[in-house]
Amino acid sequence: MKNHLRFSLPLLLATVIFTSCDKKEHYHLLLENTRIVDVESGTISDRMLVGVTGDSIRTVLPMSERNSVEADTVINANGNYLMPGLWDMHVHFRGGDTLIEENKEFLKMFLDHGVTTVRDAGGDMTPSLLQWRNEIMNKTLAGPDIFTSGPKLDGEKPAWPGSLQVTSTASLNSALDSLEKVGADYVKIYDGSLSDTMYYEIIKGAEKRGLKVTGHMPMDADLNKAISAGLDGIEHLYYLLASTSSAGDSIRALQQGYRSLPLLLDTYDAQKTSKVFQQLIKGEFYVTPTLHITDVLTDLKYEDHRDDNFLSQIGDGIIKTYTRREMAAKGRDETAQAYTEKRRTIFKEMVQPLHEAGAIILAGSDCGAFNSYVYPGISLQEELIALTEAGLSPADALITSVIHGPKFFGLEKSYGKISKNKMAHMILLAEDPLKNIAAIRGIQLVIKGDQIYTP
Ligand SMILES: [Zn+2]
């Protein structure tokens, strides 16, 4: 008996070693010789190997382990930089039934520019959008994963077609019922004609149902009160101006809505922003600055976009919708233009204090019909660059997209890093985006699970 044991142990060990040398781990896709960008730690791992099967990253190994793995498809990344796919947290699919097909073309543009997930912020083609979302999930359509608010909630005279009118508790309840019924992922508020009272009621109603709520705010409402009621975030930076103005409360009391903008900008108190934001933002609060579209619309008075490279990829019907904002910009007099430029400067100044105060900044482009010359995909790359111009480090700018995006939906465990068991939504860049954020424009490859796209 003793003898038998003595012999069998070394035999067993030998078998194990033999098996591990012989049987290689098999994956659908192997990306070899890549540099992995970790945006959270701001570090690069050199000479790495990433194995993907289905939609998940199954292994991440140094190249020295190359002999232990094999795959159906092997791609040599040639030392290019691999990072998680981008999230655009503010996009629109809209413009009426005649523009549905032109909106569908956006899906390809997002993928081509590394955007593997979008958060739709309300439009008028929810049924089509939900159908695309399913087809993309079933892999019968190429496109980014889609989260949507469904229709926006607005007041009696909504600013955008397709919005739901909320004028009473009854209409609020039926609006929230219908959002839940279509499977909306969050609630988007719009301020076309929403009363302050119903604004707070929407927030409380969404909070009660466990729905995240963000959006515009009636300019005369009180952000502090909205946050206390359960507001999860704001889209654009207008709604912080009253808090950062030295006369914000008295200006709000005038009930002038957006007409109070010049006064709010003139009384912007740069000294107190940090303190104000720290008092305002206590828990988890999301802010989508949309800096790039602010740049585009500010410069629209003088800029000629007819030779834009990407204009050829936009449908004629959508290009026609660009006229509205373009005419408005061209028609601005010198004073109005000066205020538009001042607004742009102040919005940029707000980003760093917001970041320091612990706001969870989201990268959102606001691309879509009517938002002139803000191109799907490209505009998200430009938003990341604009965030660094506003003071964020390249790593922090990337975090607003690839980590904060999933975090908004409680999905941070499945995304945001190239590591085992995370979703295999990845982009390959020719240069290091942590050194120069503009490297984000140089996408070589987009990997979405077992689907690989070359822009
Ligand atoms: Zn928008």
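**Exercises on a predicted model**

I403 touches V39, E40, L398 and G416, leaving aside residues up to four places away in sequence; contact means heavy atoms within 4.5 Å. This is a predicted model, in which local features need pLDDT of at least 70 and side-chain atom pairs count only at pLDDT 80 or more, while totals for chains, interfaces and linings use all residues. Residues are numbered from 1 along each chain as its sequence is written, and side-chain values use heavy atoms, with hydrogens and water left out.

**Exercise 1.** Locate I403 and state whether I403 is buried or exposed.

*Solution.* Step 1: I403 sits in the loop between α17 (394–402) and α18 (404–408); helices are DSSP runs of H or I, at least four residues, and strands are runs of E, at least two, numbered from the N terminus. Step 2: the relative accessible area of I403 is 14%. Step 3: buried means under 20% relative accessible area, exposed over 50%, partly exposed in between (1.4 Å probe, protein chains only), so I403 is buried.

**Exercise 2.** Give the strand order of the open sheet of three strands, and identify its edge strands.

*Solution.* Step 1: the order is β6-β7-β8, with parallel pairing; two strands pair if DSSP finds at least two bridges between them. Step 2: β6 (86–91) and β8 (145–148) are the edge strands, each pairing on one side only. Step 3: four bridges join β6 in the parallel sense to β7 (residues 115–120), and W87 stands opposite T117 in β7.
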